Amino acid sequence: MSRFLNPAKIGLLALIELYTNKTVPTSSILDVLSFITSHLIDNDISSSALSSSDRWRRAESTVSLVISISDFEKVLMPHTAASGMPGRNLWYVFLRRLWMIDSLDALHEFFENCSALLAKTREELRRDAETGIPPPAPETIQLSRNSPFGAFVRRSQLEFTRLRFQDAIELWKNFVKYRQTTAAYYRKKTPAFQRLSFDSVLLDGEKEWGQGVEAIASVAYGDMLRDDPNATMPVSTDDIEKLLEFQIDHMQKYGNRIPLEIRHQFHDLVMDSYMVPSLSHYLSYLEAWRAGDYATSFDYLHRYFDYTMQNRDRSFYQYALMNLAVLQADFGCHKEAIAAMLETVSTARENRDMTCLNFALNWLFHFGRAHPEVTQELESKSQLGTGKESLAFLRSRAKETGTWSLWSSALMSEAKMCLSHGESVATALEHLVRSSQILVERNMKNMVGSQLSVNIALWDRLGVTYLSATTCEVFLQCHARHSIFDDALKVTSRQASMLALKGKYDEALGKLESLDVDSLRAWKPSQYWHKFRGIIKLRRDLHHNNLNGAELLLSQLLQSKNEDLEPDLAFVIDTLHIECLVRRGNIEDAFTKVEKMVAELREENKDIALRVRLLLLKAELLDKCGRPQKAFTIVVRAANVAWRARLIPYLWPAIGAIANILSSLSEFEPAIQLLHAVLPRSLECENSAMTARLYSHLADANVGLAGKMPPKSNKRREYLMKGVEAIEKAFNHYSSVEDINKQCEMMAKKATIMKVAGDYVLANDYAAAYMALRQGAAQLKI
């Protein structure tokens, strides 16, 4: 197998020759040069702006060009030749040039004549002037030696001179086979074309050898011209290495697996090559890792670094350890991952590899945040240090070494830490702005997804859901194509979660279904996607009071809850489990689970928002037991923490719980004042269930105040009607999320109020509507 040359590259050289000879018309120059350039230059500038499926087309076109000459036909067939052959298209002219190479000697001449395509050096021009050779005409197209085309021509010449005779023969045979598919077309256009025109030696010797020429052709070419099924593809080492680098770069950059079609084509190419590059083992490792095959990925990783470090001593050992740590962490071997990454830190320090050292420290910090129970022992030994100390060190090191991605990442982590600890929102915004400035100045488009994810979380905490939804849409429309798929998956899941809170379950599931199917072939994204779909369906089943279906989904989600690296996702599953227990009437087990979660969060020092949410859950459970006053200190503490941390989506429910406690103490007027103050702001959160609960509390307070008024007085009726109005709004919000139980509860309250007010007709109507809702709920269960 040739190191660089193959039949496709001979075709590219012939096309360049046609261009320099001005055979290509002016109108076709752009298409022809674009085609040649796309196969010569490695970096595709526009690839980051393409969709996931389009990004792989370049690799597919490279494979296609190596396998078949049809790619040349697609480009050249629509264009006519510039001059000399009226009615002939550029495809015919290109084929005529290829068929003129009719022997191994002609192939040598073809490569020798490639020198004429290049601009002459000063020394060559001086020598030509001394010997009387005139300089080339000014209108002659000559390639600069340092241009992409010139460098390709020079390297092709050099690689051909380096070929052994056996390899040159193999290249010639592959070229004959590559070109042979065009014989039928060329025969129609060229009357002088004969059966043995592919080899002028056989054609000239046919008269002398007669029938023996068939035997000579069989000896020279074997079964190559008869479509031998066991024949190998004409692939060079350079093609294999470029395809490997391209695939590895895209897998690491976007987090996707290789499309099946390209994977099969590439496998055929590697099998047909005489030498398998060690990089192919790393590609196999990435593919097995993305597919979730731990044993195979582990084997290929060891195989790759065994080959790689044979000649490179210990200089790349830290990267082997780093890959091993990331692999083990992904498959749940957390202690082994920590040990491997700590050894990576030691080896990187020893080898003075600052890039690897900074990455390892950054990874250890984020891993410690996600799994504090694993790194708790290490922090006491000062190997990792506290979170703030680690971030300060990483930020200073990144600034010193000019590692912009690490600097930006450290600033984003500081912003996250500020939010999770309930510190100043202004400080978090300052860190985000500084991080954004680095991303914009350094044009790091691949990190915009992480930046906007923190922004989305910030707007959520501030209760401005519209800005959060807008940021999601901006990312998906403008930045998703530059980012890894995990960012797009999480932002889309956030959008789906917002829609589910409004009761738009089908639209939420549609958002998840719209994600790229090929990208979801990777193991981790696929698991996350399936679990998030399960959470949305679980929420819908709970609201429909389909508890059997909800418990089935819960059993599946709870089994794999500990495998999730996203603590927020695990927390959502736990809260939905508590809601299911409450709907079953199992308050005691729900209370036990809440207490257990509170203890866990206190030990691990998790996000303050999660702790506030648990306090509110505890208060709700006490209210369900008919003892809301016992939750007074709990909800006051929750409101205090939520206000200091600016956790607006939790502040309004806490105020609502305080109002409910005041109503239970017959302090109806203060309760109404509190609820009137928070209800308009709660609508900004776009959480229908939360707003409905606040309206329900308002209705209770108004009805309680009506009870203090004299019987049959106007004031009494006024407050009763205000209660009915609040219940109607609560019913509408519960209807939007399809919460059947709460709809029935609101309808029962309306019927009771109408009965107290003496309007028995409306009371009967509401009672009938209540029964209809119950029947509808029974049908939904079926």
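This is a predicted model: local features need pLDDT of at least 70, side-chain atom pairs count only at pLDDT 80 or more; totals for chains, interfaces and linings use all residues.
Ring pairs join Phe 35, Phe 72, Trp 91, Phe 94 and Tyr 185 into a cluster.

**Aromatic contacts**

A pair of aromatic rings is described by the distance of the centres and the angle of the planes. The count for this model comes to 22 aromatic pairs. One of them is formed by Trp 99 and Phe 193, whose geometry is edge-to-face, with 5.0 Å centre to centre and 90 degrees between the planes. Trp 99 belongs to helix α6 (residues 90-99), whereas Phe 193 is in the loop between α11 (183-189) and α12 (200-209), so this contact ties together parts that are 94 residues apart in sequence. Trp 99 and Phe 193 are both buried.

Phe 331 and Trp 523 provide a pair with another geometry. The ring centres of Phe 331 and Trp 523 are 4.9 Å apart and the planes stand at 10 degrees; because planes under 30 degrees apart count as stacked, the pair is stacked. This pair, too, links distant parts of the chain. Phe 331 lies in the loop between α18 (317-330) and α19 (334-351), Trp 523 lies in helix α29 (residues 523-543), and the two are 192 residues apart. Trp 523 has a relative accessibility of 23% and therefore counts as partly exposed.

Lysine side chains also meet aromatic rings. Lys 9 is placed over the face of Phe 4, at 4.8 Å from the ring centre. Over the face of Phe 731 lies Lys 750, at 5.8 Å from the ring centre.

**Cavities and cysteines**

There are 3 cavities of 30 Å³ or more in the model. The second largest cavity holds about 40 Å³ of space. Its lining is made up of Cys 418, Leu 419, Gly 422, Glu 423, Val 425, Arg 461, Leu 462, Ala 645, Arg 646 and Leu 647. By residue class, the lining of the second largest cavity divides into 6 nonpolar, 1 polar and 3 charged residues.

Cys 418, one of the lining residues of that cavity, has a relative accessibility of 7% and therefore counts as buried. Cys 580 is likewise buried, with a relative accessible area of 2%. A disulfide is a covalent bond between the sulfur atoms of two cysteines. The number of disulfides in the model is 0.

**Individual residues**

Lys 22 has a positive phi of about 65 degrees although it is not a glycine. Lys 22 occurs in the loop between α1 (7-20) and α2 (29-38). A positive phi is also found at Lys 712, again a residue other than glycine, with a value near 60 degrees. The location of Lys 712 is the loop between α37 (688-708) and α38 (714-736).

Two further residues are placed within helices. Glu 430 is part of helix α24 (residues 425-441), and its C-alpha atom is separated by 10.0 Å from that of Met 412, 18 residues apart along the chain. Met 746 is part of helix α39 (residues 740-757). The C-alpha atoms of Met 746 and Ala 699 are separated by 9.8 Å, and these residues are 47 residues apart along the chain.

| Residue | Relative accessibility | Class |
|---|---|---|
| Lys 22 | 41% | partly exposed |
| Lys 712 | 86% | exposed |
| Glu 430 | 44% | partly exposed |
| Met 746 | 0% | buried |

The classes follow from two cut-offs: buried means under 20% relative accessible area and exposed means over 50%, with partly exposed in between. Lys 712, at 86%, therefore counts as exposed, while Met 746, at 0%, counts as buried. Lys 22, with 41%, is partly exposed, and Glu 430, with 44%, is also partly exposed.

Methods:
Residues are numbered from 1 along each chain as its sequence is written. Side-chain values use heavy atoms; hydrogens and water are left out. On a 1 Å grid over the protein atoms alone, a cavity is a set of points where a 1.4 Å probe fits but cannot get out, and a pocket is an open set with protein on both sides within 12 Å along at least five of seven lines; lining residues have an atom within 4 Å of a point. Grid points are joined across faces, edges and corners, and a volume is the space filled by probe spheres set on the points. Ala, Val, Leu, Ile, Met, Phe, Trp, Tyr, Cys and Pro count as nonpolar, Asp, Glu, Lys and Arg as charged, and the others, Gly among them, as polar. Rings of Phe, Tyr and Trp (its six-membered ring) pair if their centres lie within 6.5 Å; planes under 30 degrees apart count as stacked, over 60 as edge-to-face and the rest as tilted. Helices (H or I, at least four residues) and strands (E, at least two) are DSSP runs, numbered from the N terminus. Buried means under 20% relative accessible area, exposed over 50%, partly exposed in between (1.4 Å probe, protein chains only). A charge sits over a ring if NZ of Lys or CZ of Arg is within 6 Å of the ring centre and within 35 degrees of the ring normal. A disulfide is a pair of cysteine sulfur atoms within 2.5 Å.
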